Amino acid sequence: MQAEARALITGLDLASQLGIPLSCMELDAQVLLHFIHTGSSPWNLVSLTRSCKSLLSPSCNLSRILREGNKVADSLASFAHAHRDSMVFYSEDQFPTCCKSHLLHDALGLYSFRPS
C-alpha cells in the first residue's frame with residue numbers, strides 16, 4: 001500500500017511540475033482510494049494519504065479502475081520494478097518496448113478481459 005501511495009504522490013508531483021492539470025485519476029488500489037476519500041487510514045499511511053489528498057486539486061475526480069483496465073500502468077510498474085531506475089517518458093518513442101502494446105491498446109480503446 002505504501003508503494004502505491006508513493007507512486008501516486010510522485011505522479012501528482014510530476015504533473016504539477018509539468019503544469020499538467022488533472023481532471024481525473026484512476027487507481028486500482030481500492031483500499032488506498034478508500035483511505036484518501038475518507039481521510040481515515042492506518043497510522044503508517046496517514047502522512048502518505050494526507051500528502052496524496054493535498055496534492056489532488058478539488059476538481060480532480062479520483063476513482064477506481066480494475067487492473068485489467070490499467071494495463072499501461074501495470075506494465076510500467078513491472079518495468080520499473082525490474083529496472084529499479086527512476087525514469088520519465090515524455091513521448092511514445094521513449095516508452096519501453098515491453099509496454100508499447102498496452103499503450104496502443106489503450107489509445108485504441110480496446111478492452112482487456114479478466115480470465116475466467
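User: Which residues does threonine 49 touch, not counting residues up to four places away in sequence?

Analyst: Threonine 49 touches Leu32, Phe35, Ile36 and Ser41 once residues up to four places away are set aside. Contact here means heavy atoms within 4.5 Å. The model is predicted, so local features need pLDDT of at least 70 and side-chain atom pairs count only at pLDDT 80 or more, while totals for chains, interfaces and linings use all residues. Residues are numbered from 1 along each chain as its sequence is written, and side-chain values use heavy atoms, with hydrogens and water left out.

User: What makes threonine 49 count as buried?

Analyst: Its relative accessibility is 6%. Buried means under 20% relative accessible area, exposed means over 50%, and partly exposed lies in between (1.4 Å probe, protein chains only). Threonine 49 therefore counts as buried. The residue sits in helix H3, residues 46-55; helices (H or I, at least four residues) and strands (E, at least two) are DSSP runs numbered from the N terminus.

User: Why is cysteine 24 called partly exposed?

Analyst: Cysteine 24 has a relative accessible area of 43%, and therefore falls in the partly exposed class. The residue belongs to strand S1, residues 24-27. Leaving aside neighbours within four places in sequence, cysteine 24 is in contact with Cys60 and Asn61. Its C-alpha atom is 9.6 Å from that of serine 57, which is 33 residues away along the chain.

User: Why are H2 and H3 described as roughly perpendicular?

Analyst: Two packed helices are described by the angle between their axes and the distance between the axes. For helix H2 (residues 30-38) and H3, the axes come within 9 Å and cross at roughly 70 degrees. Axes are lines fitted to C-alpha atoms, for helices over the stretch in contact, and angles run from 0 to 180 degrees between N-to-C directions. Angles under 35 degrees count as roughly parallel, over 145 as roughly antiparallel, 65 to 115 as roughly perpendicular and the rest as oblique. H2 and H3 are therefore roughly perpendicular. Leu32, Phe35, Ile36 and His37 of H2 make the contact with Thr49, Cys52 and Lys53 of H3.

User: What makes H1 roughly parallel to H3?

Analyst: The axes of helix H1 (residues 2-17) and H3 cross at roughly 25 degrees and come within 9 Å. H1 is therefore roughly parallel to H3. The contact of H1 with H3 divides into 7 nonpolar, 2 polar and 2 charged residues. In that scheme Ala, Val, Leu, Ile, Met, Phe, Trp, Tyr, Cys and Pro count as nonpolar, Asp, Glu, Lys and Arg as charged, and the others, Gly among them, as polar.

User: How do you know that H4 and H5 are roughly antiparallel?

Analyst: Helix H4 (residues 71-83) and helix H5 (residues 97-108) pack at about 170 degrees, with their axes 8 Å apart. They are therefore roughly antiparallel to each other. The contact is made by Lys71, Val72, Ser75, Leu76 and Phe79 of H4 and Cys98, Cys99, His102, Leu103 and Asp106 of H5. By class, these residues are 6 nonpolar, 2 polar and 2 charged.

User: What links Phe79, Phe89 and Phe95 into a cluster?

Analyst: Ring pairs link Phe79, Phe89 and Phe95. Rings of Phe, Tyr and Trp (its six-membered ring) pair if their centres lie within 6.5 Å. The whole structure holds 2 aromatic pairs.

Technical notes:
Rings of Phe, Tyr and Trp (its six-membered ring) pair if their centres lie within 6.5 Å; planes under 30 degrees apart count as stacked, over 60 as edge-to-face and the rest as tilted.
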